[in-house]
Amino acid sequence: MAYYIERKIHRRGKGLGALLIVSVEEGTGKTALCAGLAVNFLNDGRKVGYVGSAGETAAAFMKKIAGLDVIGRSDLKGYDVVLAESRLGTSNGDETSKAAYAAAKDMKAKVIAVEVYRRKPAFH
């Protein structure tokens, strides 16, 4: 998966850029996806930064990954790839969604949305 993502977002001579992982719900696996991507990119010799807004638990978990730098949103330079995560609100116009959209724009990030898998559809 990391190879596929790298091929889709690679910018010639400029590293991979930023990836923002978003979801509406808690517990969708944003941090797990960031961790997996970080390990793959680090194993490929990339310099990787992580920006988390999911809380202290996510940042503490990500700090355990050797070679990964947990950084602030203003510290993006010098990294081959920056992974970030954020929540979305339930509508485009709510404050949570606006903050996530602003973060993506500020970071010039590609966005990956994560959904919870349910066996039964949420609608009938």
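This note goes through a predicted model of a protein chain, from its overall make-up to a few single residues.

1. Confidence. The model is predicted, and the average pLDDT of the protein chain is 82, with 82% of the residues scoring at least 70. Among the elements, helix 1 (residues 2-9) has the lowest mean pLDDT, 54, while helix 2 has the highest, 93.

2. Overall make-up. The protein chain holds 4 helices and 5 strands, and read from the N terminus these elements follow the order α-β-α-β-α-β-β-α-β. Of the 124 residues in the protein chain, 40% are buried, and the accessible surface comes to about 8,000 Å², with 52% of that area belonging to carbon and sulfur atoms.

3. The 5 strands form an open sheet in which the order is 3-2-4-1-5 and the pairing is parallel. Strand 3 (69-70) and strand 5 (110-113) stand at the edges, and because each has a single partner strand, one side of each is left without a neighbour in the sheet.

4. Strand 2 and its partners. Strand 2 (residues 48-52) pairs with strand 3 in the parallel sense over 2 bridges, and with strand 4, likewise in the parallel sense, over 5 bridges. On the strand 3 side, tyrosine 50 has valine 70 as its bridge partner, and glycine 49 stands opposite aspartate 69; on the strand 4 side, valine 48 stands opposite valine 81. Since 4 of the 5 residues of strand 2 are buried, this strand is largely enclosed by the rest of the structure.

5. Helices on the sheet. Helix 2 (residues 30-43) packs on the sheet and touches strand 1 (17-23), strand 2, strand 4 (81-87) and strand 5, with its direction making about 175° with that of strand 4. Helix 4 (residues 95-107) also packs on the sheet, where it touches strand 1, strand 4 and strand 5, and its direction makes about 170° with that of strand 4.

6. Helix 2 in detail. With 14 residues, helix 2 reaches 20 Å from its first C-alpha to its last, which is close to the 20 Å expected at 1.5 Å a residue. Its buried residues are Lys30, Thr31, Leu33, Cys34, Ala35, Leu37, Ala38, Phe41 and Leu42. Just after helix 2, glycine 45 takes a positive phi of about 85°.

7. Threonine 31. This residue is found in helix 2, and threonine 31 counts as buried because its relative accessible area of 18% falls under the 20% cut-off. If its neighbours within four places in sequence are left aside, threonine 31 is in contact with Ala58, Phe61, Met62 and Glu85.

8. Lysine 108. A reader checking the backbone may wish to look at lysine 108, whose phi is near 55°, a positive value in a residue other than glycine. Lysine 108 is found in the loop between helix 4 and strand 5, and lysine 108 is exposed, with a relative accessible area of 71%.

Notes
Residues numbered from 1 in each chain as written. Predicted model: local features only at pLDDT ≥ 70, side-chain atom pairs only at ≥ 80, totals over all residues. Heavy atoms only, no water. Pairing = 2+ DSSP bridges. Contact = heavy atoms within 4.5 Å. Axes fitted to C-alpha atoms, helices over the stretch in contact; angles between N-to-C directions. Expected span 1.5 Å × (residues − 1). Buried < 20%, exposed > 50% of the residue type's maximum accessible area, 1.4 Å probe, protein only. pLDDT = per-residue confidence, 0-100. Areas by Shrake-Rupley, 256 points an atom, 1.4 Å probe, with all protein chains shown as cover.
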